[in-house]
Amino acid sequence: MNKKIFILLISLALLGSSCSEFLSVNEVNPNSASKVPAKLLLPAAINNVASTMNNPRNFEFVYLWHGLWSISSGYSQPSGLVQYRLLNSSYQNAFQLSYTTGQNLTEIEKGSTDPKDAGYKAIAMILKAYIMHNLVDLWGNVPYSEAFKTEEGILKPKYDDQKAIYEDLILKLDAAIKLIQGLPADATEIPASADIIFHGDMTKWAKLANTIKLRMLVHQSGMAGRDAYIKTAIATTASVGYLGAGESALSNPGYLNSDGKMNPFYATFYKADGSSQSDGVTYYNAGKGVVTFMTDNADPRLGKFFNPYSGTNFAGNTLGITEPAPLTAANTSKLGYVSGSKGHMIGTFDKSAPLLTDFESLFVQAEAVERGYITGSGKSLYNSALTQSCLYMGLTAAQATAFITSEKTNVNYDVASNKINLILMQKWTSLNGIAPVEIWTDYRRSGIPNFLTFTQDPNKANATPPVRLLYPQREISVNNDNVVAVGTIDAFTSKIFWQNR
Amino acid sequence: MKKIALLLAFFAIGLQVLLAQTKEISGKVTSADDGGSIPGVSVSVKGTTLGTITDMDGMFKLKVPQDAKTLVFSFVGMATQEIALGSQTVVNVKMASELISVDEVVVTAFGIKRKPKEMGVATQKVDNQELTTAGVSNVMNGLSGKVSGLQINTINNGVKPDTKITLRGNRHFLASNQALVVLDGVPVSATYLNSINPNDIDNVNVLKGASAAALYGNDASNGVLIITTKKGEKGKMTIKVSNITTFEQVSYLPNLQKRFGSGSSETTSNSDPNYTMWLGPDRNTDPYTSYENQNFGPEYNGQMVILGGKLVDGSYQMVPYTGMDNKRDFFETGVSMQNDISISGADEKSNFYLSAQDVRTTGTILDDTNSRSSVRMAAGKKYGKFSADYTLSFSQTSTSLSGGDMNQDRPVYWNVLNTPAHVAIRSYKDIENNPFATVDGYFNAYYPNPYWQIKHSRRNEKRNDILGSVLLAFKPYEWLEISNRSGVTFNTINNHNYKDEAIYNSYSHSDPWSQGHMGVTAPYAGNSSDQMRQTFILTNDLLASFDKSFGDISLKGVIGTSLYSQQYETIFDAASALVIPGLYNVSNRVGEPGVSQATLERNSLGVFADATVGYKNYAYLHFSGRNDWDSRLTQDNRSFFYPAVDASVIVSDMFPSIISNPVLSFLKFRGGWSQTGQIALDDWYGTLPSYPAAGGFPYGGNAGFALSTTLSNPLLKPEQTVEVEAGFEMSFFKNRIHLEANAYKSNTKDQTIPATISAATGYYSALINAGELENKGIEVDLKITPILSVGGFNWNGGINYAYLTSKVLSIIEGLDEIPIAQSSYIVVGEQFPAIKVTDVKRDPEGHIIVDKNSGLPSTEPALQHVGHGNPNHILGVNSDLNYKGLRLSVLAEYRGGNVINNRVGNALDFTGISEHSAANGRQSFIIPGSVIETSPGVFTPNTTALVREASRQFWVNSSYHTTDRGLVTSAAFWKLREVALTYDVPVKAIFGGDVIKNAQVGLVGRNLLMFRPKANVWTDPEFNASGTTSNAVGYTTEDQTPPTRTYGFSIKLTF
């Protein structure tokens, strides 16, 4: 009995002494880090932005609604897409992915208070501006001033006025440029493994910031009485310059030929073993509008954007067409693909993913010149843009030159009567599969190209495509008051603030 | 296994023969109440399994050993009597009806034994016989319908059915609602119930409410199942051998059409007319397409048509264009063989029990198998004031199931549904030799031969469970006992899944009909993955218990400590592209492997005290308190106290005058209050921020990390459940009718919600403590034991009924809805989970609004609330009829009040095989009851707007198809859960009873019939697509194969 009690007491004492240790096993997570430096957050954030923007599933509606792609007649034509019936659940991915990436960028920004780390801070600010203006272009009013503020207890961020967001982003880009210009001599070097776009070249980041800014200001060119604001805003950072030929913002974390580690555009269509993704390769076909336009222009890029369905024949379908019957899959061009060719639209597993290409920058600059916002030669900027597009699609400089000097009215700068119309039509063809949000924005603000044939589905909800996306279902469920405060949203009439049509 | 059983049997026979010195005892059993004879009374020799039952006239004859000392007479509802045997050979007995089995004890938390009359809260015991009536191989199935408030949901059938077990409904929004399972004092995971041999179980005591279970503190809120396994019984060594063989067949299929064959928009002009052609005069359908999976083609007319395409050698199939019952043909008859042996024995000082079981099951889908082998040992020994008991069990379960197909990873059932009715699906079973069953030769251009995936895509699992416990007790005084129980459970689960490569020939690859043949995207690389999981749980409970009376006051108490430590580890690897066919190893691949690893550990300590104070054996007050410290929460938040109190008053003992009342013989009131908790963290490190490797990373030498999309919260605390209950028990007519009723209310607040939050916060979800769910319910148990001797028949029956309802009182301030799965939502003010679905636009009266030109409805953007997923009413009815050793037991169960979203209907409409898709003969029609909006807000009945094409366009593309409202029905059902007809073979008369003491043969059946509302033409509403761990009940998909019925026979022998 006594012995037993003794043993009992001993074990209780042992238990007591090891108690705090016994109960502290969950204070360090053996499975995942609880703090990570900026240089390891940045590559993931950049890669997330690139994956979001380059996943064709997120923006297929742009290509399908604007004559660039069609859905193979071998598939059921999804009614929402073909009949313009957007739901709150349609195309929510970009909204959600952008904000979670934004949170990581905010972490980088907040963790870079040391002036030496201003480079990280500037990059985070520039990428956030890139994300946020895309969100405005897609959804108009979105959470901004109260976004990323869980530490202040904000779980239901209010929706800010879209124009005010745009204006604030312009200031943020100015500030980012200023940070880069004022980087101390002993600034923390940003390794190439962290900056998977410019590999630490901060001058290019400043140019990217300035190009994003110019693009945002040009978006507003159709607004009445906005010119003074646009010109003043451009002037403050005009000396920084813009992304020029060969200065594309392309992201590449080191894509591998392995499922889940490939270029996101390519991964939608092909797998690591070279077999195709079902519902990828055979699902999307060429759009009739762009095939006709490029064929008329004898555009050498046609065979890069699309594959001939036989010999040298190209054809596309009009969305929703039933009468006459749509072309069969065998008689329609598929998206451009030749195994191992980076120039074709689908590209390769290791092709860099574009955030903003040099030719897009050049088209924007050309338009800005034509609108009198910046000085320069519209013609040379336009020709340079087309040349860079040809090179990007794997053509030679000679082929590019031959193309820009052809006498076609929709190609040759001198022959074209309406330069802005020309710039935006060629921008439409050039950005196919590359910059869907910009294609949509350009069409909505300008109505160019003006020859598009919209869906032919007899049950379409509207004659012309929606002008915006509907707020995600998740927002309606969990942030409803703020969504409601925006007012009634109609996919066909609730325009983005810069839309003048 | 069988050989060993035989050997042991021979051994036992030899032993029995040696000892067989017997004498015969006879006598008559009569009723002390009315003097009438009582048939069916069990007469046995104490300490042995020798026995018989009285015949119609109450007479019995029994051969007993010369040294037999005591005869035991027992009968349901009557007091058991023991008669000492001297030299007499005639024993006549008068039996009195029993008020209540006062001497029986129930095992409650931590093995504390309490008398039923002391209990202030509801508990219910299910003994082995009840549990195994219908020859179940799974404990959970054996409990279904037998205890009020206990809900066992078989959420999918198959060789190892997934089951979910809840007591008094769902208290938690997202955290587990599965009851805590304690096996011989050791907490085990609910999944372990699949690994237990039901025949080893002596009884299951169900502590329904949190009150009875509060002593388990942090894990108690969902109620507890206390499982006590068998021990050796005093007497000679007993050997039991049994075999149960059952057969499983698909019982109900969705209503399917057999009128129209394959076709889906392919036109004869663009495709090869050999494969796409018009049949008959009907031009309202699509043309017949020989390779199509969808069924929007012409009406069947019996003519010979080509099926599929030509093979490379030019051969092709011609089949009659006639609909058949091919879906049912596809399913096999599953067979389950269960063999058991147990050996047990005991004397005054020691006991032992040894058992082994082997279960082999094949499924209704070809090649699906499950097998389980288990052994169990239990023994104990007493040395004066010390005693030691131990148990050790091991089981191994191997399961092999078909996996997804190579193209879209669809389940077998989907590919069966996508087989038109004129295709004799069973003739494509031989995928090796039948040229029309190969990947290239199979007719279907879009979905593969389901037999391909049965053969080439497998999901295998092997699970090992070891469970051991040691109980040491020291009893220095009659009133004091100190005991320590240590338990160890260790299990490993190894999953090995693979899919073979599928290469199509160049013909298929070239898209022969220009219609997107699935061979175009081939080759489909083979893949394989492995996951190893291992869990180690150590528990130790040290208890001091005392039991002493002071005059009229009795005091019973326990103080103790409880330690719990759990370690979990998992390793996963996957190869997404295998190279050498048939070698399923991660090294056999191209590209990067998918790998992951996780280690989890958690510890907790509890100290507790429990006391019951009794007054004059008719009034009891019980209280318990426990303090828990749990490592999963941060230091400031990890200590919690959980109190409980309950009381009972036996009015009939307090006022004995009531007893003399001829109607009311027993009356007890009771009530209880408790507070329990549950720490609901899937990730035990959830209070820390976490930065897992970002998607895709590392890319070779580039690493990248991103913040978890769930916002962590260091302030998390356990969910708190406060439960109150009150009830009464009463017996009438000398206990022939026993009625028990309870009402309870539980409120669970501070729910841990990985609340979906606005993505604009930067996170998808945040872990917070918020929200409150209220459950209310009533449970009624009625047992009837009329002593009927009409022609020797005995009958008793019972009804158990539970009404339960829930209400979400709050979620998070300002938030009144959270989605948790497909169509399940948490909605403030509604029952949980609310079912919300997409719908077409309707007028205020609910009529479908259609377009005046197209006749088609359009989609309503807002989701519609259509009901809730958990039943409000659960009713179990059982009947037990005995006639001279012939026993018929029947158990039926009803559930209702909830709705089900039959998403499988979406798949059936898509493929055009659903019966209602053919109801209009694929002709233009007006949607019944539809209206047209003539001006805003003005609706007039639609008499003119026909759906232009009531075929593919409507069933595949219209809002009618893409919305779910039309698939929602009442989830009510009646099921004939169990029917068992057993016969106790009079072995004594045949074999003299020397070798075989008892023999029973039986026919058993489970789920023989199901009755559903007419509107539910789809599947079993008990199924649930969201899995065993999700609370998002309320929808089914093609991932659940059709419901089945099981029937078979059993043989049980006792030596």
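In the predicted model, B:Leu71 has B:Ile83 of strand E6(B) as its bridge partner. The pairing of strand E5 of chain B (residues 70–75) with E6(B) is antiparallel and comprises five bridges. Both strands belong to an open sheet of four strands in chain B, ordered E3-E2-E5-E6 with antiparallel pairing. Strands E3 (51–53) and E6 (78–84) of chain B each have a single partner strand and stand at the edges, so one side of each lacks a neighbour in the sheet. On average, neighbouring strands of this sheet are turned by 15° against each other, direction ignored.

The contact between the chains involves 77 residues of chain A and 81 residues of chain B. About 6,600 Å² is buried between chain B and chain A, with 59% of this area on carbon and sulfur atoms. On the chain B side, the most area is lost to chain A by B:Tyr691, B:Tyr699 and B:Ala760, which together account for 11% of what that side buries.

One salt bridge is counted between chain B and chain A. A salt bridge links A:Glu27 to B:Arg638, with the closest N and O atoms 3.0 Å apart. Polar contacts between chain B and chain A number 29 residue pairs, with both residues at pLDDT 80 or more. Elements of chain B that each supply at least two residues to the side touching chain A include strand E26 (457–477), strand E29 (553–575) and helix H11 (952–957). E30(B) gives the most to this side, with nine residues. By residue class, the side of chain B that touches chain A consists of 42 nonpolar, 29 polar and 10 charged residues.

Technical notes
Residues numbered from 1 in each chain as written. Chains lettered and ligands numbered in written order. Predicted model: local features only at pLDDT ≥ 70, side-chain atom pairs only at ≥ 80, totals over all residues. Heavy atoms only, no water. Pairing = 2+ DSSP bridges. Axes fitted to C-alpha atoms, helices over the stretch in contact; angles between N-to-C directions. Contact = heavy atoms within 4.5 Å. Buried area = accessible area lost by both parts, 1.4 Å probe. Salt bridge = Lys/Arg side-chain N within 4 Å of Asp/Glu carboxyl O. Polar contact = N/O pair within 3.5 Å; in protein donor to acceptor, adjacent residues only side chain to side chain. Nonpolar A, V, L, I, M, F, W, Y, C, P; charged D, E, K, R; others polar.
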